[in-house]
Protein chains: 4
Amino acid sequence: MLTDLLKPTTSSPARRRVTVGEVVFGGPAVPVIAGPCAVEPGYVEHALAMRAAGASMLRGSVFKPRTRPDAFQGMGEEGLVLVEKARALTGRPVLVEPLSVEHVELLTGRVDAFMIGARSMQNTPLLRAAGRSGLPVVLKRGMAATYDEWLAAADYVLSEDNPNVILCERGIRTFETATRNTLDVSAVPVLRERTPLPVIVDPSHGTGIWSLVTPMALAAVAAGADGLLIEVHPSPEHALSDGPQQLRPATFADLMARLKPVAEAVGRAL
Amino acid sequence: MLTDLLKPTTSSPARRRVTVGEVVFGGPAVPVIAGPCAVEPGYVEHALAMRAAGASMLRGSVFKPRTRPDAFQGMGEEGLVLVEKARALTGRPVLVEPLSVEHVELLTGRVDAFMIGARSMQNTPLLRAAGRSGLPVVLKRGMAATYDEWLAAADYVLSEDNPNVILCERGIRTFETATRNTLDVSAVPVLRERTPLPVIVDPSHGTGIWSLVTPMALAAVAAGADGLLIEVHPSPEHALSDGPQQLRPATFADLMARLKPVAEAVGRAL
Amino acid sequence: MLTDLLKPTTSSPARRRVTVGEVVFGGPAVPVIAGPCAVEPGYVEHALAMRAAGASMLRGSVFKPRTRPDAFQGMGEEGLVLVEKARALTGRPVLVEPLSVEHVELLTGRVDAFMIGARSMQNTPLLRAAGRSGLPVVLKRGMAATYDEWLAAADYVLSEDNPNVILCERGIRTFETATRNTLDVSAVPVLRERTPLPVIVDPSHGTGIWSLVTPMALAAVAAGADGLLIEVHPSPEHALSDGPQQLRPATFADLMARLKPVAEAVGRAL
Amino acid sequence: MLTDLLKPTTSSPARRRVTVGEVVFGGPAVPVIAGPCAVEPGYVEHALAMRAAGASMLRGSVFKPRTRPDAFQGMGEEGLVLVEKARALTGRPVLVEPLSVEHVELLTGRVDAFMIGARSMQNTPLLRAAGRSGLPVVLKRGMAATYDEWLAAADYVLSEDNPNVILCERGIRTFETATRNTLDVSAVPVLRERTPLPVIVDPSHGTGIWSLVTPMALAAVAAGADGLLIEVHPSPEHALSDGPQQLRPATFADLMARLKPVAEAVGRAL
């Protein structure tokens with residue numbers, strides 16, 4: 001039964017490995033997914049720079065669920081062409097976020113994994129469609145979702161006979177406003193006790209401030225995270241969305257350099 | 001410009017009236033929308049009882065966004081037939097929740113208004129589709145949405161040239177667990193200062209406990225609410241969802257009797 | 001046993017009446033405690049104006065637990081003299097906040113009731129000292145306290161053989177920042193089910209914005225509150241603390257006029 | 001000016017070192033303070049075991065601010081004698097929590113540093129008294145305190161000409177109930193940007209679950225924490241308070257062994 005993946009166990013459950021292209025989540029290595037908040041012109045060159053800095057996989061969303069209707073909503077189909085080029089050129093798998101069942105259909109066959117964003121965590125028709133696609137699904141925690149609700153959302157994907165779910169902690173909403181969200185690093189050890197599914201962490205949305213991304217990335221891996229999702233933009237001050245939390249490529253390379261000894265200190269590798 | 005509806009004003013803005021069938025939200029009367037959490041067999045008889053107890057409009061959802069995939073997900077098309085019967089028999093307009101763009105298309109022409117649930121508040125394709133339908137939209141506040149984010153979500157509907165948005169406070173997630181959510185009654189006077197759109201309150205989800213529904217309904221109207229959304233079930237202990245928060249018809253009738261003098265005390269009517 | 005006051009009951013417990021001077025909390029009337037955030041020069045004249053506007057009791061704190069050490073910390077002993085004058089002149093009982101055991105000793109015999117502020121809700125030596133004084137204690141809910149923790153704090157007072165506890169909801173801290181706190185009106189019906197102790201509401205701290213005080217005061221009484229605590233200042237723009245949330249005397253008089261029909265609508269009086 | 005310690009700076013401020021006995025916080029080493037939640041009989045033997053496992057300093061509270069009045073409130077003066085014995089025997093400095101000004105006076109000269117607990121973070125008379133003592137003060141973050149409020153509380157101590165403040169993150173209250181609190185690891189890098197004061201982390205209260213303490217301790221140090229505060233009890237199942245979150249001595253020794261490489265990976269030592 002798939003839903004055994006969500007049953008609490010008395011001992012820490014054996015980790016389940018989820019493979020995206022040649023990248024393995026839940027094994028000894030800690031893959032890092034990197035990319036801009038949204039695909040913008042120049043994405044292909046940027047993707048090469050991210051691969052050079054150590055990215056295992058590319059983030060490349062073309063539909064953006066923005067708070068306001070007059071904000072940039074993503075490049076859509078035109079952006080998807082850039083994602084496909086970057087994928088072909090770098091040989092790295094790509095992670096793209098659908099916002100609707102229709103997007104799932106459009107993206108299937110052209111991307112390597114789906115990201116279900118925090119705002120969509122309880123969009124049950126979307127979860128089912130992503131599940132039916134058979135592709136790996138990175139399921140972000142809703143901004144106010146408990147662990148139980150998050151795992152129940154995962155169960156919508158798993159129930160479609162798709163065991164390839166990766167859970168992604170991205171910060172919860174609290175009273176503290178100095179950070180965009182409060183990154184709940186505890187989610188990592190809690191979920192590792194409750195489920196064999198890989199758990200990764202997004203310190204970019206989790207903090208909203210670029211200077212906090214590296215220390216929180218180190219913290220996440222020290223706590224046992226199975227991967228990271230990092231926003232990197234060639235020129236954050238000109239980014240069409242989420243500029244303040246995106247790293248420059250050089251800062252990302254520095255993060256990777258600092259991450260390596262921490263991963264090794266907890267018995268992992270990059 | 002429609003988005004003037006969302007501009008802060010120095011004085012309290014003139015109320016905008018939104019009409020659903022013959023029911024007016026934002027005028028001197030305080031309409032009450034009542035019905036079970038989900039449409040179940042027996043809905044038609046129940047609708048007659050709710051009309052008799054004073055309901056102005058009927059709640060009748062057939063697609064339910066449940067936390068777990070193995071929970072009752074609504075009667076779907078079969079339930080919609082019951083909703084149409086109840087609508088014809090009672091002469092009361094019906095409010096139904098779509099979960100996807102496809103649902104909006106299915107429901108258009110068969111219901112009087114759309115409810116966008118808390119989990120869908122930032123489902124932007126759904127907001128746009130509901131906006132394009134031209135039908136009035138009851139937009140529930142997301143569980144962790146600020147007033148600003150809620151109004152920005154309303155703007156997705158308004159931006160489709162649909163000015164018929166009714167905002168519905170339904171409780172926010174806080175640290176207090178004795179109630180299902182914390183009903184933020186302050187949302188009523190805050191939003192009445194910020195927008196002319198009608199603001200209604202759902203004390204059923206807002207508290208999660210039937211015995212708190214009547215006092216919180218009175219509080220909401222005393223604070224200036226333009227309407228109420230109340231869960232009523234003929235037999236809550238047998239309800240397929242949300243049993244603990246649904247009122248029996250007799251308790252609902254009692255609520256309506258107690259509400260009348262409070263509405264009058266603040267210059268409103270039922 | 002005193003702690004029976006805190007035991008959950010299957011039916012709504014009979015209300016306990018707590019008397020301060022000639023003012024009764026928990027009976028059919030809804031007393032209103034009014035006064036400035038902190039005692040300032042001019043307090044005596046202001047007290048007369050508040051009595052004229054309908055205040056049953058006076059708020060008059062002379063020690064202020066301010067967030068920053070360089071903020072006004074209250075008039076201390078000098079202010080206490082003003083409080084005593086106001087009390088003698090108006091014939092109204094006074095409510096004063098001690099911050100330490102030493103303050104309890106200083107105030108005993110000179111004030112009619114103690115207010116334990118939100119920041120002090122779990123200051124156990126202070127709770128015990130207030131309990132031992134025998135004076136009625138208005139116990140504010142901590143900013144992040146659950147109902148259970150609040151009642152446990154009340155038990156520290158009750159355990160000193162002092163049954164005269166009045167619970168005061170004053171807003172909790174949530175993610176919403178448009179209001180200073182989120183006034184949890186549900187606390188009123190929840191606590192009325194759990195304890196016979198009177199429950200009053202402070203919409204001034206609960207909202208932090210003067211224009212929201214009146215609608216939330218009406219909401220609180222409609223929900224069953226046994227009293228109100230309202231900040232009123234002769235000239236809020238010159239107040240030494242909490243200016244934005246204090247009512248002018250004329251606005252307070254208007255609140256009282258609008259409160260009367262609401263209280264009557266729920267079977268209470270002013 | 002002392003309050004320069006709290007001024008935001010454009011670059012990361014130079015770290016300030018706070019010395020307790022021979023233990024230095026804010027330098028290259030990461031001291032670990034360990035001990036039971038409350039001093040209980042057997043404390044002296046336990047202290048020796050903690051020193052053997054690598055504790056730099058001992059936690060030894062004798063006055064406990066418990067939620068309920070019928071819970072164990074600490075051993076008081078009798079426990080203080082045990083603390084003094086342990087201090088003499090181990091040569092390790094001791095950290096003790098006062099709940100009132102009177103406690104500060106009682107403890108001065110007998111302990112090495114004061115801990116101001118989360119419930120007391122805004123107890124301004126206590127903060128001032130601790131400041132005046134001249135002893136180092138470990139100031140825990142209040143359960144619902146923003147960074148700004150926490151630093152303002154620190155300013156009450158600093159304003160008494162006492163620059164020896166150590167900030168301690170111990171988890172904040174959020175909607176998630178699977179953990180006792182949500183440990184906000186981001187507090188470490190945020191505060192390191194805002195203040196030169198040392199920042200330590202208490203993963204025991206921060207999680208409330210012993211199995212999460214080690215991963216969160218590693219995370220805290222990876223994020224840059226200047227120290228740790230860990231609850232260790234010889235027999236947690238018999239502890240008079242907070243049993244579920246206390247480590248056994250052997251688990252604590254394991255934590256220390258796993259911490260060493262992580263500290264080194266981020267350029268620190270134990």
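Modeller: A crossing of two helices is called left-handed if the near helix is turned anticlockwise from the far one by less than a right angle, and right-handed if it is turned clockwise. The model shown here is predicted. In it, α1(B) passes α2(B) in a right-handed crossing.

Biologist: At roughly what angle do the axes of helix α1 and helix α2 of chain B cross?

Modeller: Two packed helices are described by the angle between their axes and the distance between the axes. For α1 (residues 43-53) and α2 (residues 77-90) of chain B, the axes cross at roughly 35° and come within 9 Å. On the α1(B) side the contact is made by B:Y43, B:V44, B:A47, B:L48 and B:R51. The partners on α2(B) include B:L82, B:A86 and B:L89.

Biologist: How many of the 10 residues of helix α4 of chain C are buried?

Modeller: A residue counts as buried when its relative accessible area is under 20%. Seven of the 10 residues of α4(C), residues 124-133, are buried, so this helix is largely enclosed by the rest of the structure. Among them are C:L126, C:L127 and C:A130. Their cover includes α3, β6, β7 and α5 of chain C. Just after α4(C), C:G134 takes a positive phi of about 80°.

Biologist: Is C:R141 buried or exposed?

Modeller: C:R141 lies in the loop between β7 and α5 of chain C, and it is buried, with a relative accessible area of 0%. Its side chain makes a polar contact with the side chain of B:E176, at 3.0 Å. A polar atom of the C:R141 side chain also lies 2.9 Å from the backbone oxygen of C:A145.

Biologist: Which residues have the most contacts inside the largest nonpolar core?

Modeller: That core has 152 residues, and those with the most contacts inside it are B:L139, B:I230, B:F252, C:L139, C:I230 and C:F252. B:F252 touches residues including B:V32, B:M50, B:I230 and B:L247. A second, separate core of 151 residues includes A:L99, A:W150, A:L197 and D:I230.

Biologist: By what turn can chain C be laid on chain A?

Modeller: Two copies of a chain are related by a rotation about an axis and a shift along it. Here the turn is 180° and the shift along the axis 0.0 Å, with an RMSD of 0.0 Å. The two copies are thus related as by a two-fold rotation axis. In chain C, the C-alpha nearest the axis belongs to C:F175, 2.2 Å from it.

Methods. Residues are numbered from 1 along each chain as its sequence is written. Chains are lettered from A and ligands numbered from 1 in the order in which they are written. This is a predicted model: local features need pLDDT of at least 70, side-chain atom pairs count only at pLDDT 80 or more; totals for chains, interfaces and linings use all residues. Side-chain values use heavy atoms; hydrogens and water are left out. Copies are superposed by least squares on the C-alpha atoms of residues with pLDDT of at least 70 in both. A nonpolar core is a set of buried Ala, Val, Leu, Ile, Met, Phe, Trp, Tyr and Cys residues joined through side-chain atoms within 4.5 Å. Buried means under 20% relative accessible area, exposed over 50%, partly exposed in between (1.4 Å probe, protein chains only). Contact means heavy atoms within 4.5 Å. Helices (H or I, at least four residues) and strands (E, at least two) are DSSP runs, numbered from the N terminus. A polar contact is a pair of N or O atoms within 3.5 Å; within protein, one must be able to donate a hydrogen and the other to accept it, and residues adjacent in sequence count only if both atoms are side-chain atoms. Axes are lines fitted to C-alpha atoms, for helices over the stretch in contact, and angles run from 0 to 180 degrees between N-to-C directions. Lists of a residue's contacts leave out its neighbours within four places in sequence.
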